[in-house]
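Dear colleague,

Please find the structure below, together with a summary of what was found in it. I would be grateful if you could read the two side by side.

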Amino acid sequence: MEELIKFVEDEFVTKKEFPEFGAGDTITVYYEIREGEKTRTQFFRGVVIQVKGTGTTKTFTIRKMSGTIGVERIFPINMPALQKIEVNKRGSVRRARIYYFRGLTGRKARIKEKRS
């Protein structure tokens, strides 16, 4: 059964090429929004909290601050509305899922940039 599901996913789900990113990276996601007949492109820039799943079921969570309120959004990697992903900064963190980031404010909420 699992082989059949994998076959269907490989055959019928369209794959887009996106850059590699992980937890702690600051990325910008451009996605399409449909309002009635009109479509427009909106972007969401924030820090990647987690990357979950593999293959076509992969999702990632982004957190940004909107004023003083934290806003999180979960994006499936194979979402048809996703247009492109830009990696703005590579963050240096020790964990794959940085949920502790939600409780930090001000200077403590800064993530060091990865040295190349």
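Arg-63 is buried, at a relative accessible area of 13% (buried means under 20% relative accessible area, exposed over 50%, and partly exposed in between, with a 1.4 Å probe and protein chains only). The model is a predicted one, in which local features need pLDDT of at least 70, side-chain atom pairs count only at pLDDT 80 or more, and totals for chains, interfaces and linings use all residues. Residues are numbered from 1 along each chain as its sequence is written, and side-chain values use heavy atoms, with hydrogens and water left out.

Arg-63 forms a salt bridge with Glu-72, with 3.0 Å between the closest N and O atoms; the term stands for a side-chain nitrogen of Lys or Arg within 4 Å of a carboxyl oxygen of Asp or Glu. Glu-72 is partly exposed, at 30% relative accessible area. The side chain of Glu-72 also meets that of Arg-102 in a salt bridge (2.7 Å, N to O). Arg-102 lies in the segment after strand 5 and Glu-72 in strand 4 (residues 69–76), so this pair ties together parts that are 30 residues apart in sequence. Strands (E, at least two residues) and helices (H or I, at least four) are DSSP runs, numbered from the N terminus. Arg-102 is partly exposed, at 40% relative accessibility.

The whole structure holds 6 salt bridges. One of them joins the side chains of Arg-40 and Glu-35 (3.1 Å, N to O). Both partners are partly exposed, Arg-40 at 37% relative accessibility and Glu-35 at 45%.

Finally, Val-8 belongs to helix 1 (residues 2–12) and is partly exposed, at 39% relative accessible area.

With kind regards
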